[in-house]
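Here are some exercises to work through with the model open beside you. Try each task before reading its solution.

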Amino acid sequence: MTELRTQRPHQPPEPGRGRASAIDRYFKVSVRGSTFGREVRGGITTFVAMCYIVLLNPLILGASADITGARLTTEEITTATALAAGVTTILMGIVGNAPLALAAGLGVNGIVAFQLAPTMTWAQAFGLVVLEGVCIVLMAVSGIREKIINAIPMPLKTAITVGIGLYIALVGLVSAGFVTRTPDSANSTVPVRMGEGGHLIGWPIAVFCIGLLLMVVLVSRGVAGAVLISIAAATVLAVAVNEIFAVSGWGLVEPSIPDHLVASPDFGLLGQVDLFGGFASAGAVTATVFLFTLVLSGFFDAMGTITSVSEEAGLVRNGRVQGMGRILMVDGFGALAGGVTGSSPNTVFLESAAGVGEGARTGVASVVTGGLFTATLFLTPIAAVVPAQAAAPALVVIGGMMMAQCAKVPWQDMDFAIPVFLTIAIIPFTYSITNGIGAGLVSFVLIKVAKRRLGEVGWILGSLALVFFLYFAVEGITAAVR
C-alpha cells in the first residue's frame, strides 16, 4: 500500500484530473465541504425552483403599454429574461463564487411596467434600468450602498418588502381577472370587485382558482418545484379546455398547442436603450425619483437575500459574507444587464436557498443554473402558451409568502407602526411602489421632527424624505404658480 502511494505521483495523470483539481481549487469546492455532484444537483434544484420567472416576467411586462401605446411581445420578453438570467447567474458563479442565482426581480419589474413605461418609451424605461445598475455598482465600490442601507430603519425596509408582496399579489389577481375594476367606479362605493359582476364565472377564472389551490397545497407540503409544477398543470388544463370548448376571455395569451416547441430566440429588445430620454419624457424630478425607487427596491431586496442564503450556505464569517464585494458587484451588473437585454433589473433570488438545501456551497451551482437558463432561450414557444390565469397564482402565493415579514415589525412602537402601515397600504392601493416608500419615509421623519428627535434621523434619511416630499408636492406647486 505504501509503495503504491509513493509511486503514484510518477504515473501519468488521469485524463481531466488536473483540470478538475484546478476547478476545485478555483471554486473551493473541497474547502467548503462540497462535491461536484452536490453542486450540480443544487444548481438544477435552484433552476427548477425559480425558472417560473421566465413565464411570469412576460406576464408583467407584457401587461403594460408605454407612453406611445407600444407593447412588448411574449417572445421578446422571454428571450430577454432567459438571456439576462443565464449571463448574470453564470457571472455570479465565476466571479462571486457563491450559490446565488439572479433573474428579473418580481416587484421591481412591476415598477418598470406600471410606473416607468406609461410615462416614457420602453427604450427610455430600460435606459433608467441601466442607470440603476450603474448606480448600484458605483455604490458597491464606494461603500455608499451600506451607508444608505444602514440609514433606513429595519422596520421600513421590512415594510417595503411586504408592500411589494401585496402589490405583486394584486397584479396577479387583476391579470387573472379575479379582481376587476367596477364600471363607473367614481359613482360607486366599491372601486373594485371580484370577477365579472361580482361573481366568478367562466373557464379562465376556474383555471386560475384550480392552479392557485394546487400551488397552495404543493407549497405547503414543501414539494420541490411547486410553483413550476402548478403553472404547468394549470397550463395543460387551460389548453385542454380551450381546445375542447373554444373558450374566450383568456386575455393577451390564448392557450393553444404550439406548432413547435423549439424556436430561435427573439433578440428584438437587446440593446434597445435610451439612457437619458426618460428625464425629458417623464420630467426630471419624476424620472429621478423613479431611478431612486429602482435603486432602493433593488439593493434592499438583494442585501437581505444575499445575507440569508449565504448564512444558510455557511459562507458568513464574523457577521460578514465571504466575497461580499464581488457579489454586490455582480448584483449591480445584473440590474445593468436587465436594462440592456430588456428584461427589467436582475437581482438575487431567494429560491437560491433551494439549491443550498441540496448541498450547493460554491459558484459551480450558479454556473449550472445559468447554463439551464441559457438553454431556455430556445423554448420561447412554450412560454407563449401559458395564459395569465395559469401563471398569476405564482404572484399571489409569492406575495403571500412575503407577508410573513410583518412579524418583524414592532407594531407597538408608534414611531414605526404608522409609517410601516402607510408604506404597506399605499404601495398596492395606489399601484405604486414609489408612493409607498415615499409616504413611509416622509411620515417617519415627520414623526421624529415632531418629537424633537432629529438625531435619530440623520442627514441621509432626512435628504431622502425631502426628495420624496418634493416628489409628492411638485405637481401641486407647479399648478399653483401657473
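**Exercise 1. Find which residues line the largest cavity, and sort them by class.**

Solution. Start with the lining itself: Ile-152, Leu-156, Ile-160, Thr-423, Gly-436, Ile-437, Gly-440 and Leu-441 surround the largest cavity. A cavity here is a set of points on a 1 Å grid over the protein atoms alone where a 1.4 Å probe fits but cannot get out, and lining residues have an atom within 4 Å of a point. This is a predicted model, in which local features need pLDDT of at least 70 and side-chain atom pairs count only at pLDDT 80 or more, while totals for chains, interfaces and linings use all residues. Residues are numbered from 1 along each chain as its sequence is written, and side-chain values use heavy atoms, with hydrogens and water left out.

Next, look at the elements, which are DSSP runs numbered from the N terminus (helices: H or I, at least four residues; strands: E, at least two). Both α9 (154–176) and α20 (433–450) supply at least two lining residues, and α20 gives the most, with 4 residues.

Now sort by class: 5 are nonpolar, 3 polar and none charged. Ala, Val, Leu, Ile, Met, Phe, Trp, Tyr, Cys and Pro count as nonpolar, Asp, Glu, Lys and Arg as charged, and the others, Gly among them, as polar.

Finally, the volume is about 40 Å³, taken as the space filled by probe spheres set on the points, with grid points joined across faces, edges and corners.

**Exercise 2. Work out which helix gives the most to the lining of the second largest cavity.**

Solution. First list the lining: Glu-76, Thr-79, Ala-80, Leu-83, Asp-266, Phe-267, Leu-269, Leu-270 and Thr-341.

**Exercise 3. Decide whether helix α6 (residues 108–116) is buried or exposed.**

Solution. Apply the cut-offs: buried means under 20% relative accessible area, exposed over 50%, and partly exposed in between (1.4 Å probe, protein chains only). In α6, 9 of the 9 residues are buried, so the helix is largely enclosed by the rest of the structure. Among them are Val-108, Phe-114 and Leu-116.

**Exercise 4. Trace the network of salt bridges that includes Asp-415.**

Solution. Begin with the rule: a salt bridge is a side-chain nitrogen of Lys or Arg within 4 Å of a carboxyl oxygen of Asp or Glu. The model has 5 salt bridges by this rule.

Take Lys-451 and Asp-415, whose closest N and O atoms are 2.5 Å apart. Lys-451 lies in the loop between α20 and α21 (458–481) and Asp-415 in helix α19, so this pair ties together parts that are 36 residues apart in sequence. Lys-451 is partly exposed, at 42% relative accessible area, whereas Asp-415 is buried, at 3%.

Then take Glu-456 and Lys-448, with closest N and O atoms 2.6 Å apart. Glu-456 counts as partly exposed at 45%, and Lys-448 as buried at 4%.

Notes. 1 Å grid on protein atoms, 1.4 Å probe; cavity = no way out; pocket = protein on both sides within 12 Å on 5 of 7 lines; lining within 4 Å.
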